[in-house]
Amino acid sequence: MAALQPTSLSKHPLSSGTPTIFGSRVQSGDFLPTHFRYWTSFRSNTGVKLKASAEPPALTRELKGDEQKGIMEMESGCDLFDKLKNGFLSFKNHKYMENLERYQALAKGQAPKFMVIACADSRVCPSTILGFEPGEAFMVRNVANMVPTYESGPSETNAALEFAVNSLEVENVFIIGHSCCGGIRALMSMQDKAESSSFIRSWVIVGKNAKLSTKAAASNLSFDQQCTHCEKESINNSLLNLLTYPWIEEKVKKGMLSLHGGYYDFVNCTFEKWTLDYKGSIMNGKNRVLVKDRLFWC
């Protein structure tokens with residue numbers, strides 16, 4: 001196989017036009033080690049420059065104050081990845097190796113019982129909160145855990161739904177919302193006729209019906225209380241939106257698929273769970289969710 005020829009000079013997007021040396025080759029075909037140092041000067045330039053030297057680090061000049069500060073910040077970034085490295089090694093040694101047969105089986109395929117749609121919020125991890133193990137739940141996370149209607153067209157959420165319901169044949173779709181949701185707050189704060197190119201606005205408008213029903217039912221409450229109300233109302237709105245997908249409604253009608261809502265209050269660490277009453281919702285005209293099997297965990 002032909003040897004991969006190194007690129008000796010390149011314009012790095014952060015280098016402000018300064019050529020960046022990635023490596024050099026000696027006659028034997030070996031590459032000389034290249035030692036990189038990063039620094040940024042916060043007084044004169046907010047960009048990050050990459051410098052290279054063929055000498056070992058001990059022969060480089062002593063760094064000045066701003067340069068040392070930049071190096072310390074880089075090392076702090078490395079500390080973050082050290083934490084991830086330790087987390088991975090702990091997982092490998094204490095979970096993967098101790099359950100090797102299970103993970104080898106998962107390498108051949110997956111058969112989860114749940115499809116989970118949760119918020120992208122960093123404080124809300126379904127696996128941590130509900131104890132899902134690898135292979136138990138197919139997940140998609142988006143802003144404010146919303147499900148657009150079938151008529152809205154393709155999105156990563158309905159692509160995941162199609163795969164989970166039609167290919168993996170999950171038995172449960174579980175939409176999980178949470179307290180203090182920034183996406184719902186953005187929805188409740190939006191002016192109805194405001195023009196905006198915001199991706200966030202274009203997405204959270206999916207929950208417009210939840211906002212309207214919240215305004216109608218809770219107009220006497222404070223804005224924060226309205227947001228809390230809408231967080232739950234939006235889950236129910238998405239449950240109704242699931243029924244706009246023909247292949248989802250067909251399986252729900254046959255009893256092959258159940259649709260559930262959940263609400264995680266991370267301020268008080270409580271969890272509510274409920275299940276869509278399909279027959280009751282259909283009789284109600286599909287515009288209002290009727291639920292059953294409501295549970296409260298605290």
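## N241 in helix α8

N241 sits in helix α8 of this predicted model. Is N241 buried or exposed? With a relative accessible area of 8%, N241 is buried, because the cut-off for that class is under 20%. Setting aside neighbours within four places in sequence, the residues in contact with N241 are V147, P148, T149 and V206.

## How α7 meets α8

Helix α7, residues 208-217, packs with helix α8, residues 223-242, and their axes are 8 Å apart. The angle of this pair is about 135 degrees. Angles over 145 degrees would count as roughly antiparallel, and 65 to 115 as roughly perpendicular; α7 and α8 are therefore oblique to each other. Their crossing is right-handed.

Which residues make up this contact? From α7 come N209, A210, K211, S213, T214, K215 and A217. On the α8 side they meet Q226, H229, C230, E233, S234 and N237. Sorted by class, the contact has seven polar, three nonpolar and three charged residues.

## The buried side of α5

Helices α7 and α8 turn up again around helix α5, where they are part of what covers its buried residues, as is α6 (199-204). Helix α5 runs over residues 182-189, and its buried residues are G183, I184, L187 and M188. Why do they lie on the same side of α5? They cover an arc of only 135 degrees around the axis, so they share one side of α5. A general rule of helix geometry is handy here: an α-helix has 3.6 residues a turn, so residues three or four places apart point the same way.

## A105 in helix α2

Now for a residue in another helix. A105 belongs to helix α2, which spans residues 100-106. The relative accessible area of A105 is 45%, so this residue counts as partly exposed; the exposed class would need over 50%. Where is G135 relative to A105? G135 is 30 residues apart from A105 along the chain, and their C-alpha atoms are separated by 9.8 Å.

## The chain as a whole

Stepping back, the protein chain has 10 helices and 12 strands. Of its 298 residues, 34% count as buried, N241 being one of the buried residues.

Key
Residues numbered from 1 in each chain as written. Predicted model: local features only at pLDDT ≥ 70, side-chain atom pairs only at ≥ 80, totals over all residues. Heavy atoms only, no water. Axes fitted to C-alpha atoms, helices over the stretch in contact; angles between N-to-C directions. Helix = DSSP H or I, 4+ residues; strand = E, 2+ residues; numbered from the N terminus. Parallel < 35°, antiparallel > 145°, perpendicular 65-115°, else oblique. Left-handed = near helix turned anticlockwise from the far one by under 90°. Contact = heavy atoms within 4.5 Å. Nonpolar A, V, L, I, M, F, W, Y, C, P; charged D, E, K, R; others polar. Buried < 20%, exposed > 50% of the residue type's maximum accessible area, 1.4 Å probe, protein only. Arc of directions from axis to C-beta.
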